Amino acid sequence: MKTKTPAKKATVKKTAPAKTQEKIPAKKTAAKELKDLFEDSLKDIYWAEKALVKALPKMYKNATDKKLQSAIELHLAETHVHVKRLEECFASLGKKAQAKKCDAMQGLLDEGKSIMEETEPGAVRDAGIIAAAQKVEHYEIATYGTLAAYAKVLKEKTCLKNLLATLNEEKICDKLLSKVADITLNSKAIKN
């Protein structure tokens with residue numbers, strides 16, 4: 001009769017960060033308090049939402065699947081509302097709405113454009129558009145979730161209400177895009 005020998009556990013070697021890594025010095029304008037970081041992050045997402053208002057019509061025009069076009073059209077309308085909600089956040093903070101270029105969103109939008117350039121119109125491009133759009137949604141979900149957490153700690157009730165409303169819509173859009181992809185679109189993108 002054979003006895004089972006227990007499987008060996010993988011060991012993970014703990015290593016300290018390399019001493020050659022440099023500390024990144026803060027800029028003179030760096031956030032000193034959570035409120036500063038919150039306001040700076042609002043500027044980033046405000047830029048991102050305004051950039052999406054320009055990018056979504058391009059995605060719509062390049063999509064061929066009617067359900068995908070409908071999802072993009074719906075989210076474009078929501079994105080206009082997201083911009084207004086952010087403007088309400090700035091107003092509740094006693095600040096003028098101000099956009100600061102969001103490098104992360106710019107990279108995601110550039111990637112989306114690249115995907116459209118590198119795919120033929122039809123199901124394959126549609127699948128690529130969904131992939132690009134979901135990357136944007138995931139970035140927005142992470143950003144709005146973080147901003148809502150900041151607003152809660154800072155007791156910024158108007159901002160919290162607006163940020164949570166937008167966060168919910170971003171999650172719904174992500175689920176809708178998954179549904180469009182899963183129902184038939186990804187299957188159509190396979191060549192027999």
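Trainee: At what angle do helix 2 and helix 4 pack?

Mentor: This is a predicted model, in which local features need pLDDT of at least 70 and side-chain atom pairs count only at pLDDT 80 or more, while totals for chains, interfaces and linings use all residues. Residues are numbered from 1 along each chain as its sequence is written, and side-chain values use heavy atoms, with hydrogens and water left out. Helices are DSSP runs (H or I, at least four residues) numbered from the N terminus, and their axes are lines fitted to C-alpha atoms over the stretch in contact, with angles from 0 to 180 degrees between N-to-C directions. The axes of helix 2 and helix 4 are 13 Å apart, and the packing angle is about 25 degrees.

Trainee: Are helix 2 and helix 4 roughly parallel or roughly antiparallel?

Mentor: Angles under 35 degrees count as roughly parallel, over 145 as roughly antiparallel, 65 to 115 as roughly perpendicular and the rest as oblique. With an angle of about 25 degrees, helix 2 and helix 4 are therefore roughly parallel.

Trainee: Which residues of helix 2 make the contact with helix 4?

Mentor: Contact means heavy atoms within 4.5 Å, and from helix 4 it involves Asp 126, Ile 129, Ile 130, Glu 137, Glu 140 and Tyr 144. By class (Ala, Val, Leu, Ile, Met, Phe, Trp, Tyr, Cys and Pro are nonpolar, Asp, Glu, Lys and Arg charged, and the others, Gly among them, polar), the contact of helix 2 with helix 4 has six nonpolar, two polar and three charged residues. On the helix 2 side, the residues are Leu 68, Ile 72, His 75, His 82 and Leu 86.

Trainee: How does helix 1 run relative to helix 2, roughly parallel or roughly antiparallel?

Mentor: Helix 1 and helix 2 (residues 66–92) have axes 9 Å apart and pack at an angle of about 155 degrees. That angle makes the arrangement of helix 1 with helix 2 roughly antiparallel.

Trainee: How many nonpolar residues are in the contact of helix 1 with helix 2?

Mentor: Besides its nonpolar members, the contact of helix 1 with helix 2 contains five polar and six charged residues. The number of nonpolar residues in that contact is 15.

Trainee: What is the volume of the largest cavity?

Mentor: On a 1 Å grid over the protein atoms alone, a cavity is a set of points where a 1.4 Å probe fits but cannot get out, a pocket is an open set with protein on both sides within 12 Å along at least five of seven lines, and lining residues have an atom within 4 Å of a point. Helix 1, helix 2, helix 4 (123–154) and helix 5 (157–188) each supply at least two residues of the lining of the largest cavity, which divides into nine nonpolar, one polar and one charged. Its volume, the space filled by probe spheres set on grid points joined across faces, edges and corners, is about 70 Å³.

Trainee: Which helix gives the most to the lining of the largest pocket?

Mentor: The largest pocket, with a volume of about 340 Å³, is lined by 15 residues, of which Ala 51, Lys 54, Ala 55, Lys 58 and Leu 109 lie nearest its centre. Helix 1 (34–62) and helix 3 (103–117) each supply at least two of the lining residues. With eight residues, the greatest contributor is helix 1.

Trainee: How far apart in space are Asp 44 and Lys 100, C-alpha to C-alpha?

Mentor: Asp 44 lies in helix 1, and Lys 100 is among the residues lining the second largest pocket. Although Asp 44 and Lys 100 are 56 residues apart in sequence, their C-alpha to C-alpha distance is 5.1 Å.
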